Amino acid sequence: MINRKQQSARFAWMLAILSLAVASASPASQPAPRSNGLAQTPPVGWSSWNNFGDDINEQIVIETIDAMIANGMRDAGYVFVNLDDGWQRYKGARRDHPLEVDPKKFPRGISYLADYAHQRGMKLGIYSGPGQTTCAGYTGSEGHEAEDARMFASWGVDHLKYDSCCSHREAPKEELQKIFRTMSNALMAQKRGIVLHACHCGWGDIWEWAAGLGVNHWRIGQDISDDFNYPGNREQYYFDVLDQLDRGVGLEKYAGPGHWNDYDMLIVGLDGKSKQLVGTGASNTEYRTHFSLWAMVSSPMLVGADVRKLDPYSLQTLTNKEIVALNQDPAGNVAHKVRDDGDLEVFAKELADGSHAVLLLNRGAATATMTFSPRADLQAPMDRYSIRDLWKHRDLGTYDIPFTTEVQSHEARVFRIRQLATSANGRSVSDAAEQESAR
Ligand code: GAL
């Protein structure tokens with residue numbers, strides 16, 4: 001007979017042996033996944049690059065923050081105000097120049113802007129890169145990662161876009177991982193949480209490993225141009241809206257709270273007039289489709305247009321809170337393409353409250369009639385469901401058959417559908433309730 005004490009000693013031994021076995025089963029070469037706990041939903045806000053290029057300054061940033069508050073963008077969820085390339089004082093290699101803020105463009109420094117943003121419930125982002133120079137030729141962070149991370153944190157920065165300028169296309173993954181791990185570790189050593197964006201054109205299957213290094217979002221492709229569907233790649237490089245969308249198909253599983261596929265910044269409102277970005281612009285319908293798609297696939301949504309001068313239609317598009325909510329849904333699911341009938345595609349995802357977001361996309365040149373069936377397309381046994389149109393902001397009623405509607409050329413119709421509970425006798429609860437109230 002063994003007593004209680006002996007019994008618990010045996011149990012402790014068994015536990016120790018078991019945990020040793022589990023520990024030795026995980027390969028020692030695999031570094032433990034790191035997470036800064038940030039970006040539980042995709043970052044949403046503004047970035048300076050798509051409209052201004054490197055022609056940025058303190059006045060533009062202050063006016064941008066003020067405009068986002070006045071026009072309702074901040075309250076619709078656009079809280080990041082991100083400086084892209086061009087805030088730095090020097091052009092040229094880091095070995096020849098320190099990394100400093102340009103005192104002519106930003107006379108009161110970056111911490112002044114960070115405070116300005118924070119006092120108004122917003123966040124400030126900054127930009128650098130792992131090379132001697134950044135993509136626009138300013139001094140980069142190579143060899144000074146720890147020092148730069150400390151400097152960004154001391155300024156009160158909340159987001160870093162760390163841009164390799166599509167370099168290292170053929171480099172071994174270990175080399176790429178080292179680049180982003182070095183900056184990620186440097187940021188994580190700071191008390192201040194800083195969201196890390198690895199801007200890397202999608203080389204080296206970055207989606208497979210970036211989250212494990214603590215990266216919060218990574219570009220999946222080349223730069224977006226201001227086009228909805230340009231034949232081929234403009235200048236044999238740029239991706240248009242549909243290129244980015246297609247690039248993301250199959251990558252959905254890599255994204256989730258804290259780590260997102262980045263389809264690049266929004267082009268809504270640029271209208272082909274950007275000082276920086278190539279492209280001839282898109283129609284209002286196409287920009288709206290682009291915005292709806294980015295919300296569905298849970299991409300970061302950083303507006304690239306000059307928000308001080310947004311036309312009313314673009315502003316109405318960007319501040320549709322029901323669409324932004326699909327992007328910011330706490331479940332962090334990414335929409336999958338659930339049906340592909342050539343030009344007609346259906347994307348869907350489940351939301352935290354159990355409802356589903358469904359997007360009907362018509363890539364074709366003519367208006368089309370599209371049908372979706374919750375049973376066939378969502379593989380969810382919904383016999384009876386309610387539908388809300390998220391662009392018309394209207395409940396369309398209750399259905400127990402597939403839903404059919406018209407979708408214009410290049411339009412995306414977006415719906416939120418909810419299953420209606422069915423009682424044990426097969427009658428839906430709402431039926432029963434209707435009959436009850438009719439008595
Ligand atoms: C590119 C990047 C752009 C912008 C630019 C700055 O590589 O994709 O989004 O950041 O560099 O020079």
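Tutor: Strand β4, helix α6 (residues 173-188) and strand β5 form a β-α-β unit that is right-handed, meaning that, with the strands pointing away from the viewer, the path from the first strand over the helix to the second runs clockwise. Helices (H or I, at least four residues) and strands (E, at least two) are DSSP runs numbered from the N terminus. This is a predicted model, in which local features need pLDDT of at least 70 and side-chain atom pairs count only at pLDDT 80 or more, while totals for chains, interfaces and linings use all residues. Residues are numbered from 1 along each chain as its sequence is written.

Student: In β5, which residue is the bridge partner of Tyr162?

Tutor: β4 and β5 (residues 195-199) pair in the parallel sense over five bridges, where two strands pair if DSSP finds at least two bridges between them. Within that pairing, the β5 partner of Tyr162 is Ala198.

Student: And in β4, which residue is the bridge partner of Tyr127?

Tutor: β3 and β4 also pair in the parallel sense, over four bridges. The chain crosses from β3 to β4 through helix α5 (residues 145-155), in a right-handed β-α-β crossover. The β4 partner of Tyr127 is Lys161.

Student: How many of the five residues of β4 are buried?

Tutor: A residue is buried if 20 or more other C-beta atoms lie within 10 Å of its own, exposed if 12 or fewer, and partly exposed in between, with C-beta atoms placed from the backbone. In a regular strand the side chains alternate between the two faces of the sheet. In β4, His159, Lys161 and Asp163 lie on one side and Leu160 and Tyr162 on the other, and both faces are covered. The number of buried residues in β4 (residues 159-163) is therefore five of five.

Student: By class, how many residues of the shell around the ligand are charged?

Tutor: The ligand is surrounded by Trp49, Asp84, Asp85, Thr134, Cys135, Ala136, Asp163, Cys165, Cys199 and Asp223, a residue being near a molecule if its C-beta atom, placed from the backbone, lies within 6 Å of it. Ala, Val, Leu, Ile, Met, Phe, Trp, Tyr, Cys and Pro count as nonpolar, Asp, Glu, Lys and Arg as charged, and the others, Gly among them, as polar. The shell has five nonpolar residues and one polar residue, and the number of charged residues is four.

Student: Is Gly121 buried or exposed?

Tutor: Gly121 is found in the loop between α4 (109-119) and β3 (123-128). Not counting residues up to four places away in sequence, Gly121 touches Arg74 and Val79, contact meaning that the C-beta atoms, placed from the backbone, lie within 7 Å. Because 10 other C-beta atoms lie within 10 Å of its own, Gly121 is exposed.

Student: What separates the C-alpha atoms of Asp55 and Lys275?

Tutor: Asp55 is found in the loop between α2 (49-52) and α3 (58-70), and it touches Gly86 and Lys275, residues up to four places away in sequence not being counted. Although Asp55 and Lys275 are 220 residues apart along the chain, the separation of their C-alpha atoms is 9.2 Å.

Student: Over residues 1-29, how many contacts beyond near neighbours in sequence does the model have?

Tutor: The mean pLDDT (the predictor's confidence in each residue, from 0 to 100) of the protein is 90, and 88% of its residues reach 70 or more. Over residues 1-29, however, the pLDDT is below 50, and the number of contacts beyond near neighbours in sequence is one.

Technical notes
Two residues are in contact if their C-beta atoms, placed from the backbone, lie within 7 Å.
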